[in-house]
Amino acid sequence: MRRPESRVNRRTRAWIWPVVPMVIGLACTLSWSSPAGADTSRPGLGGAIDTILDDPLMKGGAAGVVVADAGSGAVLYRHRPDDRLMPASNTKLLTSAAAMGVLGPDHRFRTDVLTDGTRHGRVLRGDLYLRGTGDPTLLAADYERLATSVADAGIRRVTGRLIADDTRFDAQRVGRSWAADDESSYYAAQISALSVAPDTDYDAGSVIVETAPGDRPGARPTVTLTPKTSYVRIENRATTGAADSGSTLTVERGHGSNTIILSGSVPAGAAAAKEWVSVWEPTGYAAAVFADALERHGVRVAGDTRLGRAAPDDARPLAAHRSMPLKRLLIPFMKLSNNIHAEVLTKAIGYQTAGRGTWTAGLTGISDWLKKQGVDVGSLRQVDGSGLSRMDNVAAGHFSDLLLSVRHQPWYADWYASLPVACDPDRFVGGTLRTRMCGTPAAGNARGKTGTLTGASALSGYVTDADGRELVYSVVLNNYLAPSVKSLEDAIVVTLARSGKDGAEPTRPRRPARSAGPQNLECAWSKPSPC
């Protein structure tokens, strides 16, 4: 038999039940408006950012946002800070910081010419080795200087072979889940310890194809290759159209080959157009450029060219080239969001930490370093160094944690200087932000790393508010259907720049009149760059 309730118990229940919803409601309200560690000294800041995120451009999308005081680390605002999202090129923040921490700001890549042969006057009896360690900044002119050194040593004939030693890195050439239709795009070039860059943006593993209209309609356009090399073959199917016709020119390398096919038409009288195209097997590309340089300097190699064999331990040096230090390489890497630099550094970290130049070893090295900086690496996924993979999953909170922790590193000033600066027109200062936030308090003030893939956009960095307080911010936006949500990122950063102790008002996102370039890729990846 059920025991009857006492009068006291009935009274207690009658008093408790009306209160419980009030307590729960109060607890929910407090946890929403004042999250643990939050700083509420900026009235209206949360509401201002909420208003921007409520923009129709993000309807049905996902957003992670964190804002913190750079000095104290106090959180000023957070919206879904732990949600793992696709970070695109914000991944380079993780890679670049780990590279500075593991390799060091003065790290240089070395490229050597060696031999295991013996000299007999002007004849070298044995093989000639070209050994790389990953330098993504080697130009044709650098291979020319290496060939000059060999010739200046008095060598005119090599009885053996030219062997390209790229064994510092493994043979896996492309990152995990990189899109197959990006194969011939220079921003997805193959990764090797030996390569050639065609320009001083240091787009390693690519050639520049310059096309100019023919002398009359119907004629084939003229084609110029940089650097000049027979390693790639041009198949020119294009024609010159009427002067008032539009360009339909396409330039693409066939899968698994080094045949670059030109098709479509270019209008008569039009300016020359350039296209950056990746090569197939960059080690062979480097060997071919070096072999041509040797021949120009009167050094004849009797044997064939072999790829992927290591120089013997007792091989003697004949010539060497050292790259710029990492702290200088960070400028083209981060300002222009160079994917190849990110992947080379990832494999270099792997070799430094584990003796293996692989993505697996490199990513483990990055993860270990990030963990020491207080980043919760167990709750993120990084599968490449650049963010080109759509499998990368990182939360805004991870980026804000990193941005706060690196401020205490001895190399922080060099790393900070590598971040693009809003509205600075110099490509190597403003980088991917050079056309953004102009005419606002964020111009020349905000620094940040951009990130763009289809349906994924991010911006994380530093900005100073109206009271002179430095703030850390991370904005990661995913799963939107709009062509671009950069205007929302900019509005958040400008709002931060305008905010102060008197409060914050939401900045109205600017709607661009027309697209300045492809919206599914970093603006710097479109050549010539629209940003």
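Pro 227 is found in the loop between strand E10 (222–226) and strand E11 (233–236), and the peptide bond that leads from Thr 226 to Pro 227 is cis, with omega near -5°.

**Backbone details**

Most residues other than glycine have a negative phi, and most peptide bonds are trans. Against that background, Glu 281 stands out with a phi near 70°, a positive value in a residue other than glycine; Glu 281 lies in the loop between E16 and helix H5 (282–296). Cys 423, too, has a positive phi, near 65°, and Cys 423 lies in the loop between H10 and E20.

**The chain as a whole**

The protein chain has 11 helices and 22 strands, and its C-alpha atoms fill a box of roughly 110 × 60 × 55 Å when the box is taken along the principal axes. Of the 531 residues of the chain, 54% count as buried, while the chain as a whole exposes about 23000 Å², of which carbon and sulfur atoms supply 51%. Among the contacts between residues at least 6 apart in sequence, 72% join residues at least 24 apart. The chain has 62 positive and 54 negative side chains, and the centres of these two sets lie 3 Å apart.

How confident is the predictor, and what is the mean pLDDT of the protein chain? The mean is 92, and 91% of the residues reach 70 or more. Over residues 1–38, however, pLDDT stays under 50, and for this stretch the model has 12 contacts beyond four places in sequence. Where pLDDT is low, the predicted coordinates should not be read in detail.

**The disulfide**

A search of the whole structure finds one disulfide, and it joins Cys 423 to Cys 438 with an S to S distance of 2.0 Å. Cys 423 and Cys 438 are 15 residues apart, and both are placed in the loop between helix H10 (412–417) and strand E20 (447–453). A disulfide is a covalent bond between the sulfur atoms of two cysteines. The link of Cys 423 and Cys 438 is right-handed, with 110° about the S-S bond.

Are the two cysteines buried or partly exposed? Cys 423 has a relative accessible area of 23%, so it counts as partly exposed, and Cys 438 is likewise partly exposed because its relative accessibility is 25%; the cut-off for a buried residue is under 20%.

| Residue | Element | Relative accessible area |
|---|---|---|
| Ser 278 | strand E16 (residues 273–278) | 1% |
| Ile 349 | helix H7 (residues 339–354) | 0% |
| Thr 240 | strand E12 (residues 239–241) | 3% |

Why does Ser 278 count as buried? Its relative accessible area is 1%, and buried means under 20%. Leaving aside neighbours within four places in sequence, Ser 278 is in contact with Glu 183, Ser 184, Ser 185, Tyr 186, Ala 189, Gly 205, Ser 206 and Arg 253. The C-alpha atoms of Ser 278 and Phe 428, which are 150 residues apart along the chain, are separated by 23 Å.

Ile 349, in helix H7, counts as buried because its relative accessibility is 0%. Not counting residues up to four places away in sequence, Ile 349 touches Thr 95, Ala 98, Ala 99, Val 102, Leu 103, Gly 362, Gly 365 and Ile 366.

Which residues does Thr 240 contact when its neighbours within four places in sequence are left aside? Among them are Pro 213, Gly 214, Arg 216, Pro 217, Gly 218, Ala 219, Arg 220 and Pro 221, and the list also includes Val 266, Pro 267 and Ala 268.

Note on methods: Residues are numbered from 1 along each chain as its sequence is written. This is a predicted model: local features need pLDDT of at least 70, side-chain atom pairs count only at pLDDT 80 or more; totals for chains, interfaces and linings use all residues. Side-chain values use heavy atoms; hydrogens and water are left out. Helices (H or I, at least four residues) and strands (E, at least two) are DSSP runs, numbered from the N terminus. Buried means under 20% relative accessible area, exposed over 50%, partly exposed in between (1.4 Å probe, protein chains only). Contact means heavy atoms within 4.5 Å. Accessible areas come from the Shrake-Rupley method with a 1.4 Å probe; for residues, only the protein chains shown count as cover. Lys and Arg count as positive and Asp and Glu as negative; His and the chain ends are not counted. The place of a charge is taken as NZ of Lys, CZ of Arg, CG of Asp or CD of Glu. pLDDT is the predictor's confidence in each residue, from 0 to 100. A disulfide is a pair of cysteine sulfur atoms within 2.5 Å.
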